[in-house]
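Subject: Structure handover

Hello,

Here is the structure I promised you. Please open it and keep it in view while you read my notes below.

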Amino acid sequence: MTTLKTTLAGYKFDNCMMNAAGIRCATVTDLAGLRDSRAGSLVTKSATPQPRDGNPEPRMRGLQYGCINSMGLPNHGFDYYLNFLLEEQKSHPQQTNFMSIAGTTLEDDLSMLKQIQESAFAGLTELNLSCPNVPGKPQVGYDFDAVERYLTAVFAFFKKPLGVKLPPYFDLMHFDQITAILNQYPLAFVNSINSVGNGLMIDPESETVLIKPKGGFGGIGGAYIKPTALANVRALAQRLNPGIAIIGTGGVQNGMDIFEHILCGASMVQVGTQLGFEGPKIFNRLSQELTRIMAAKGYDSIADFRGKLKTL
Ligand code: RRO
């Protein structure tokens, strides 16, 4: 019997698929849609201490192979998402969920983490170090000294399971450097990758950029980024302490894409752009596709092939 169950940081999930933060998870209606889907978990839109409107529109555009966004962290504020998650814990205690936070300063991150620490939240926390779209705020994940500073400050008091959402890296030396830092901390997981930051999509007909913020620059998601996502999952899996689980995100459109993420070392796989296109029913299709692929290959569970990518 094929199962899509997975384990991450000691938590069990009925399905190894879930949404990527930011996609159909900003309102309680969207979040309930995810909870009622076949996804094994959900993550809430990256929260800031106070609600934010985000960047001016148009701020997201889809194209054939993916999308560009510069949302700018629009969200209903920390309390809104924590309250939702606490309610979920009571109404659906069998499902473990994730809370994503993305302060625009270290102080904001620490203040939200202190509130999580003091709350009854029993899920996992994802610290987003890779938002590419807040003008004037570079991605923390590209500043290795800052990553070290953040994690030292966080783990001085934070005792609940915590992971980080990373930007894509493009040089093997950068994988060595970031994992040397991450391996110093009791991280439950790393999530790789966020969108490929500061791409540009244009309409040649009108000779115009597709989105308004930042002169048209924005994070790229979808099929465009799958090779980068797989490379990051694989490179992290080869370097991280075995106790740090990997969530693979980027370029998932079908069950085979999920299979490939797991082959590279992911324990859980998130769906971003394509979930935005299809809605939460996508998890039915993806579950059927992955189940069929595994059955055809004779794999009963994802542990049978996770991280077992072969080289030539
Ligand atoms: O809200 C956004 O603009 C955004 C965030 Br916080 C993120 O982490 N990744 C992204 O592509 N967009």
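Helices (at least four residues) and strands (at least two) are DSSP runs, numbered from the N terminus. You will need that for the element names below. Note too that this is a predicted model.

Arginine 24 is in the loop between strand E3 (17-19) and H1. Its phi is near 50°, a positive value in a residue other than glycine. Most residues other than glycine have a negative phi. Arginine 24 is partly exposed, at 33% relative accessible area.

Lysine 214 also has a positive phi, near 50°. Look for lysine 214 in the loop between strand E12 (208-209) and strand E13 (217-221). Lysine 214 is partly exposed, with a relative accessible area of 30%.

**Cis peptide bonds**

Most peptide bonds are trans. The bond from glutamate 57 to proline 58 is cis, with omega near 0°. Proline 58 lies in the loop between H1 and strand E4 (60-63). Another cis bond joins serine 192 and isoleucine 193, with omega about 15°. Isoleucine 193 is in the loop between strand E9 (189-192) and strand E10 (196-200).

**The ligand**

The space taken by the ligand is the largest pocket.

- An oxygen atom of the ligand is 3.2 Å from a polar backbone atom of methionine 71.
- A ligand oxygen atom is 2.8 Å from a polar backbone atom of leucine 73.
- A ligand oxygen atom is 2.9 Å from an N or O atom in the side chain of asparagine 133.

Taken alone, the ligand exposes 310 Å², and the protein buries 91% of that.

Is leucine 31 buried or exposed? Leucine 31 counts as buried, because its relative accessibility is 0% and the cut-off is under 20%. Leucine 31 lies in helix H1 (residues 28-35). Leucine 31 and methionine 71 are 40 residues apart along the chain, and their C-alpha atoms are separated by 18 Å.

Glutamine 270 is in strand E15 (residues 268-271). Glutamine 270 is buried too, with a relative accessible area of 1%. What does the side chain of glutamine 270 make a polar contact with? The partner is the side chain of asparagine 191, at 2.7 Å.

Best wishes

Methods: Residues are numbered from 1 along each chain as its sequence is written. This is a predicted model: local features need pLDDT of at least 70, side-chain atom pairs count only at pLDDT 80 or more; totals for chains, interfaces and linings use all residues. Side-chain values use heavy atoms; hydrogens and water are left out. A polar contact is a pair of N or O atoms within 3.5 Å; within protein, one must be able to donate a hydrogen and the other to accept it, and residues adjacent in sequence count only if both atoms are side-chain atoms. Accessible areas come from the Shrake-Rupley method with a 1.4 Å probe; for residues, only the protein chains shown count as cover. On a 1 Å grid over the protein atoms alone, a cavity is a set of points where a 1.4 Å probe fits but cannot get out, and a pocket is an open set with protein on both sides within 12 Å along at least five of seven lines; lining residues have an atom within 4 Å of a point. A molecule sits in a cavity or pocket if more than half of its atoms lie within 2 Å of its grid points. Buried means under 20% relative accessible area, exposed over 50%, partly exposed in between (1.4 Å probe, protein chains only).
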